[in-house]
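Hello,

Here is the structure I said I would pass on. My notes on it follow below.

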Amino acid sequence: FVYVLPSVPFADWFRKLVEFAPDIVLVPLLNHPFSRCKSELKYLEMTMAGAVGIYSDLPPYAKAVSDATGLPVFDWANFITYVYNATVPHNYNGIV
């Protein structure tokens with residue numbers, strides 16, 4: 001299921017995020033000079049909320065994710081496939 005959180009007052013944002021308790025979040029950024037000036041705040045918020053984040057491979061997020069996990073930031077399609085394969089049970093019968 002895909003849910004979009006409605007706009008909430010800034011003071012209520014983190015409480016609403018924690019109540020919502022997302023498993024996976026998409027945090028997109030356009031490849032634009034303005035986006036490169038943003039901080040990694042969304043990464044910190046989503047991590048504190050206990051969510052796995054799928055982030056744009058741009059400086060605000062790529063460095064923070066790589067520094068925290070030791071892993072590179074992948075393009076979205078590969079990361080979504082990675083998370084799916086790591087979390088969805090698969091039946092294996094014999095040699096795969």
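**Charged pairs and a surface patch**

At a relative accessibility of 52%, Glu-19 counts as exposed, because the cut-off for exposed is over 50%. Please keep in mind that the model is predicted.

Glu-19 has a salt bridge to Arg-15, with 2.9 Å between the closest N and O atoms. Both residues belong to helix H1 and sit four residues apart, about one turn of the helix. Arg-15 is partly exposed, at 42% relative accessibility.

The structure has four salt bridges. Another one pairs Lys-42 with Glu-45, at 3.1 Å from N to O. These two residues are three apart in helix H3, again about one turn of the helix. Lys-42 is partly exposed, with a relative accessible area of 32%, whereas Glu-45 has 8% and counts as buried, because buried means under 20%.

In helix H4 (residues 59-69), Asp-67 and Lys-63 are four residues apart and therefore separated by about one helical turn. Their closest N and O atoms are 2.7 Å apart, in a salt bridge. Asp-67 and Lys-63 are both exposed. Salt bridges with shared partners also link Asp-12, Arg-15 and Glu-19 into one network.

On the nonpolar side, Phe-14, Val-18, Leu-41, Leu-44 and Met-48 make up a surface patch, with about 450 Å² of accessible area together. Helix H1 (13-20) and helix H3 (41-48) each contribute at least two of the patch residues. The most comes from H3, which gives three residues. Phe-14 is in helix H1 and is partly exposed, with a relative accessible area of 32%.

Now the overall figures. The protein contains five helices and two strands, in the order α-β-α-α-β-α-α along the sequence. The C-alpha trace spans about 55 × 30 × 20 Å along its principal axes. Of the 96 residues, 26% are buried. Among contacts with a separation of 6 or more, 53% are between residues 24 or more positions apart.

The protein exposes about 7,400 Å², and carbon and sulfur atoms supply 63% of that area.

Regards

Definitions and conventions:
Residues are numbered from 1 along each chain as its sequence is written. This is a predicted model: local features need pLDDT of at least 70, side-chain atom pairs count only at pLDDT 80 or more; totals for chains, interfaces and linings use all residues. Side-chain values use heavy atoms; hydrogens and water are left out. Buried means under 20% relative accessible area, exposed over 50%, partly exposed in between (1.4 Å probe, protein chains only). Contact means heavy atoms within 4.5 Å. Accessible areas come from the Shrake-Rupley method with a 1.4 Å probe; for residues, only the protein chains shown count as cover. Patches are made of residues with over 30% relative accessible area and no salt bridge: like charges are joined within 9 Å, nonpolar side chains (Val, Leu, Ile, Met, Phe, Trp, Tyr) within 5 Å. A salt bridge is a side-chain nitrogen of Lys or Arg within 4 Å of a carboxyl oxygen of Asp or Glu.
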